[in-house]
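I wanted to look up a few packing details and write them down as I went.

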Amino acid sequence: MPVSPSSSAQTAREGVARELRELRQDAGLTLVQLAGLCGWSHSKPSRIENAKTPPSSSDIAAWCRACAADSQAADLTARSRDVETMYQEWRKRARTGLRRLQNSYLQLFEATRLFRVYSPTAVPGLLQTDGYTRALLSGNARLLGIPDDSAEAAAARTARSQIIHQAGRRRFVFVLEESVLRYQLGTSDDMAAQLGRLLTAGALPAVSLGIIPMDTPRTLWPQEIFHLYDDTLASVELLAAEVNITAPSEVALYETAFEELRNMAVYGAAARALVLNAIEALPSSTGRATA
């Protein structure tokens, strides 16, 4: 049975609590001694360690200081903050429409200089055509049981994606599994247009487009879709929720995974050949060869 976002959030809370307990134990302190050093009631450390009371930023700083582990404070603070905000259920975020959901990313996009995206299943939003986006978002609306304003949402996503064509210091690095090229969304014409967009986008100066061929020997198995915004945020797309991660050690883990996946990909002429093969494999109803 899939784990719900709320259950996963509780697991994350317990993980932070466990690390705080281990810091205390490594420092050789009892709960009473820790409470005395922090100026707290005797019950507060126990509530924090049992994940019944979420620690504030100042609580974590005091805990780490008492345990002579000040270097751990920043990472634990970020992870604790993430616990309460990282699981953003798609239904809640999209209840006012998919178009508004698309527009909610504008500020983040404007602030980011290095975009890194890995996808095993779908063309990333920044590279999507209007027809492909409509098909994708319409399916999402049906699955989530929310109003289908996919046409308006697709227009908003297309407008947002123009950032990839703007002059500036932004860089965009995309790594796709070859399967992305083979999963058809929309009509054959929609898919052909989308694959054509990949060919043109891959030639843009600010864009690096890598594709991992299906027959590549794997050093790392396919992951869930994730986005890296500079080195401060990892955003992971799950079926029921989006997970936003800011803890430095966890963002670094996604950066490491991205580099390993990127090194398995092919680029330039080899990547273009994979895209062209996928176009040729589309149904022949629009004049292309059958698979």
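Entry 1, a helix pair. I looked up the handedness of the crossing between α2 and α4, and it is right-handed. The model is a predicted one. I took α2 as residues 31–38 and α4 as residues 57–66; their axes come within 9 Å and cross at roughly 115°. I therefore noted α2 as roughly perpendicular to α4, since angles of 65 to 115 degrees count as such. Which residues meet where the helices touch? On the α2 side I listed Leu34, Leu37 and Cys38, and on the α4 side Ala62, Trp63 and Ala66.

Is Asp59 buried or exposed? The relative accessible area is 10%, so I put Asp59 down as buried, the limit being under 20%. I then checked its side chain and found a polar contact of 2.9 Å to the side chain of Lys44. Leaving aside neighbours within four places in sequence, I have Trp40, Lys44 and Ile48 as the contacts of Asp59. I also looked up Pro45, which is 14 residues from Asp59 along the chain; their C-alpha atoms are separated by 9.5 Å.

I found Gln223 in the loop between β4 (207–212) and β5 (226–229). With a relative accessible area of 18%, Gln223 is buried; the cut-off is again under 20%. Which backbone atom does the side chain of Gln223 reach? I noted the backbone oxygen of Trp221, at 2.8 Å. Apart from neighbours within four places in sequence, Gln223 is in contact with Tyr118, Pro120 and Leu261.

I checked the length of α9, residues 130–144. At 1.5 Å a residue its 15 residues should span 21 Å, and I read 21 Å between the end C-alpha atoms, so the two agree. I listed the buried residues of α9 as Gly131, Tyr132, Thr133, Leu136, Leu137, Ala141 and Leu144. After α9 comes Gly145, and its phi is positive, near 70°.

I counted 14 helices and seven strands in the protein chain. Of its 291 residues, 47% count as buried. Among contacts between residues at least 6 apart in sequence, 72% join residues at least 24 apart.

Conventions. Residues numbered from 1 in each chain as written. Predicted model: local features only at pLDDT ≥ 70, side-chain atom pairs only at ≥ 80, totals over all residues. Heavy atoms only, no water. Helix = DSSP H or I, 4+ residues; strand = E, 2+ residues; numbered from the N terminus. Expected span 1.5 Å × (residues − 1). Buried < 20%, exposed > 50% of the residue type's maximum accessible area, 1.4 Å probe, protein only. Polar contact = N/O pair within 3.5 Å; in protein donor to acceptor, adjacent residues only side chain to side chain. Contact = heavy atoms within 4.5 Å. Axes fitted to C-alpha atoms, helices over the stretch in contact; angles between N-to-C directions. Parallel < 35°, antiparallel > 145°, perpendicular 65-115°, else oblique. Left-handed = near helix turned anticlockwise from the far one by under 90°.
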